[in-house]
Structures are given as structure tokens and as C-alpha cells.
Amino acid sequence: MTQVQIEIPDSDRERFVRQARREGMTLSAWLHAAGRARLENSQRTRPFATMKDAMEFFRACDDLDGPEVEPDWSEHLRVINASRANNVAGK
């Protein structure tokens with residue numbers, strides 16, 4: 001097994017140690033698991049091969065429970081325009 005030495009800010013180290021303990025792991029095991037998870041996530045990411053694949057993905061997303069219903073486009077535009085008006089008025 002290879003040993004790796006890294007430099008991280010003290011504040012990050014403390015946060016990492018606390019999280020590792022919450023998960024019942026050593027800091028070393030937690031960092032190893034976090035690195036492996038990141039690598040696996042990046043390797044799973046791939047573009048859709050077909051339009052059917054893309055549509056299946058979006059249908060699956062629609063089936064996920066969410067905190068609320070997405071506003072329609074006119075509501076988004078209203079919020080965007082109100083924000084723009086406030087920024088222009090503040091200058």
C-alpha cells in the first residue's frame with residue numbers, strides 16, 4: 001500500500017475529521033472513500049448516446065420527488081425582470 005502526504009488548511013482538516021468520525025471512519029479511510037467516489041462519479045458521466053437516452057433521463061428526473069413544482073417560464077421571466085429593474089434602479 002502506498003502512503004500519500006497532503007497539505008490542507010487546518011480548518012478543512014478539522015471539518016474532514018469530524019465528518020469521518022460521524023461516518024465511523026478514520027480520516028485516511030474517509031479521504032480514500034471521497035476520492036474514490038469522485039473518481040467513480042467522473043467516470044460515470046457520459047454524454048447521451050441517443051435522443052431516447054436523453055428523454056429517459058429527463059423522465060426519470062421528472063419522477064423524482066422534489067420540494068415543490070418548478071415555476072413556469074413566465075414566472076421565471078417575471079423574477080428575472082424584477083431583479084434587473086432593482087439593479088438598474090440601485091445604480
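Colleague: Where is Lys52 found?

Modeller: Lys52 is found in helix H3 (residues 51–63); a helix here is a DSSP run of H or I with at least four residues, numbered from the N terminus. This is a predicted model, in which local features need pLDDT of at least 70, side-chain atom pairs count only at pLDDT 80 or more, and totals for chains, interfaces and linings use all residues. Residues are numbered from 1 along each chain as its sequence is written, and side-chain values use heavy atoms, with hydrogens and water left out.

Colleague: Why is Lys52 called exposed?

Modeller: Buried means under 20% relative accessible area, exposed over 50%, and partly exposed in between (1.4 Å probe, protein chains only). Lys52 has a relative accessible area of 57% and is therefore exposed.

Colleague: What makes the contact of Glu56 with Lys52 a salt bridge?

Modeller: A salt bridge requires a side-chain nitrogen of Lys or Arg within 4 Å of a carboxyl oxygen of Asp or Glu. The closest N and O atoms of Glu56 and Lys52 are 3.9 Å apart, so the pair qualifies. The two residues are 4 apart in helix H3, which means a separation of about one helical turn.
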